[in-house]
Amino acid sequence: MNIDAFLQTFARFGIHLGLETSQALMDALDNPQDEIPVIHVAGSNGKGSVCAYLSSILAEAGYRVGRYTSPHLVSWTERICINGKPIAESDLWNTLQAVNAAIPIGVQPTQFEVFTAAMWLYFAEQEVDIAVVEVGLGGRLDATNVVDEPLLTIITSISLEHTERLGDTLEKIAAEKAGILKKDCPAIIGKMPEEASAVITRRAYELYCPTFYPAPAKPLGQGWAAYEGFEWFEIDDEGVALVPRTLTFEMPLPGEVQLNNVSLAIAAMLLLRHDSWEITDEAITAGIAKTQWLGRLQWHSWQGHKILIDGAHNSDSAKNLRAFVDRQPVRQIHWVMGMLSTKNHQEMFEYLLRSGDSLYLVPVPGHSSADLAALVTLAKTVCPGLERVWVFDDVQKGLQAATDNTQFQELVVLCGSLYLLGHFFAQEGIPKT
């Protein structure tokens, strides 16, 4: 039973955006996705956090909740969870074999299409009450977009990402994300650039989607925040009443961007409550407080040093990371970074690096890692005032050098790629097994 080796046999089919293969797989499996109430979540950043909030709240409310996210950090099993617990390796293997046996003759699914089909099959077999499903890439042509009637859809944010596949403008990318919207299905839309919001709003109007734009939660200090919005109550056949609703709760995930993410999750819960789901205010606040999401603005003790770990890998997430470290009582940052070759390295450096900072570049093992020598030249061009720029062949060596050079009121940050974080966590034995 070698899950990684088995899935590698489908990697040769690369990335394919389109629903024909996924629908053929679903038909061969008797369409398990049609048996499950679904919340479908798309966006450039924040998808995973929103899914974590949603699944934690729904589990706290007493429901059996499936959660599907990608990529994983350490193990494939992390992608498919029920009430926060990853699928057992034996169950994943058996489910993947069932999908493999059902592949129609002549159909060549990609790795993500096979794994997504396994998710639908497993959640149906486990009879989950609801599934929270994160889009893999884009939305309109993503393998998760085979569900015809989700309970509701959420689009968290829009930024320039995967431009070679989704388009080179915010409008084009927004159009792809808006592909998860379905006729008459409520949509919750996060904070995003006006040009992207206009595309999504227009598509929602065309599909008669009731559309909601919750404001970010307000920070109260000391790790607490407040959601100020509305709850919807039926009056009669002619419409609903909007009743003000304020919830105060403890924020488990740091960073200003989480104020937007948590408000999307709360708005979703209030909508489900309007649709007769039993979700109390207490379940919402307790579920938020219990939310965990590994590798996002996470403080970690490494060999006696307090370091910050974050999966920032594009311009928006880099901007959020820099805003967070700028609020810390530190003078300089030691950046330990590894990036994929496909990312916008210049924008990452522009958002993160400041004069006096130091940069320790490392590869991203097992993936298309950026050329480190080219990154050295680029970093020095973008930020000539860097204290030092060094290259190491392993993340542990980069961290060792960074922590050795750290002085009072200086911070070490590991970032640049979720795959790099996954490699680091695997070395550290996180999550503990």
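I take exposed to mean over 50% relative accessible area, and buried to mean under 20%. The model I am reading is predicted.

**Entry 1: positive phi**

I looked up Asp 30. Asp 30 sits in the loop between α2 (20-28) and β1 (38-42). Its phi is positive, about 65°, although Asp 30 is not a glycine. Buried or exposed? Asp 30 counts as exposed, because its relative accessibility is 63%.

Next came Ser 276. I found Ser 276 in the loop between α9 (257-274) and α10 (281-289). Ser 276 is not a glycine, yet its phi is about 80°. Its relative accessible area is 66%, so Ser 276 is exposed. As background, I noted that most residues other than glycine have a negative phi.

**Entry 2: a cis bond**

I checked the peptide bond from Ser 70 to Pro 71. That bond is cis, with omega near -5°. Pro 71 belongs to the loop between β2 (65-68) and β3 (80-82). Most peptide bonds are trans.

**Entry 3: the sheet**

I traced an open sheet of six strands with mixed pairing. What is the strand order? I read β12-β13-β17-β14-β15-β16. β12 (298-302) and β16 (388-391) are the edge strands, each pairing on one side only. From one strand to the next the twist averages 25°.

I then followed helix α11 (residues 315-326), which packs on this sheet. Which strands does α11 touch? I listed β12, β13 (305-309), β14 (332-337) and β17 (410-415). The direction of α11 makes about 145° with that of β14.

β15 and β16 pair in the parallel sense over four bridges. For Leu 359, the bridge partner in β16 is Val 389.

**Entry 4: Gln 298**

Gln 298 lies in strand β12. Gln 298 is buried, because its relative accessible area is 17%. What does its side chain reach? I found the backbone nitrogen of Gly 295 at 2.7 Å. Leaving aside neighbours within four places in sequence, I noted contacts of Gln 298 with Ile 307, Leu 308, Ile 309 and Phe 425.

**Entry 5: helix α14**

I finished with α14 (residues 395-405). Asp 394 caps the N-terminal end of α14. One of its side-chain oxygens lies 2.8 Å from the backbone nitrogen of Gln 396. Gln 396 itself is buried. I also marked Val 395, Gly 398, Leu 399, Ala 401, Ala 402 and Thr 403 in α14 as buried.

Notes: Residues are numbered from 1 along each chain as its sequence is written. This is a predicted model: local features need pLDDT of at least 70, side-chain atom pairs count only at pLDDT 80 or more; totals for chains, interfaces and linings use all residues. Side-chain values use heavy atoms; hydrogens and water are left out. Two strands pair if DSSP finds at least two bridges between them. Helices (H or I, at least four residues) and strands (E, at least two) are DSSP runs, numbered from the N terminus. Axes are lines fitted to C-alpha atoms, for helices over the stretch in contact, and angles run from 0 to 180 degrees between N-to-C directions. Contact means heavy atoms within 4.5 Å. Buried means under 20% relative accessible area, exposed over 50%, partly exposed in between (1.4 Å probe, protein chains only). A polar contact is a pair of N or O atoms within 3.5 Å; within protein, one must be able to donate a hydrogen and the other to accept it, and residues adjacent in sequence count only if both atoms are side-chain atoms.
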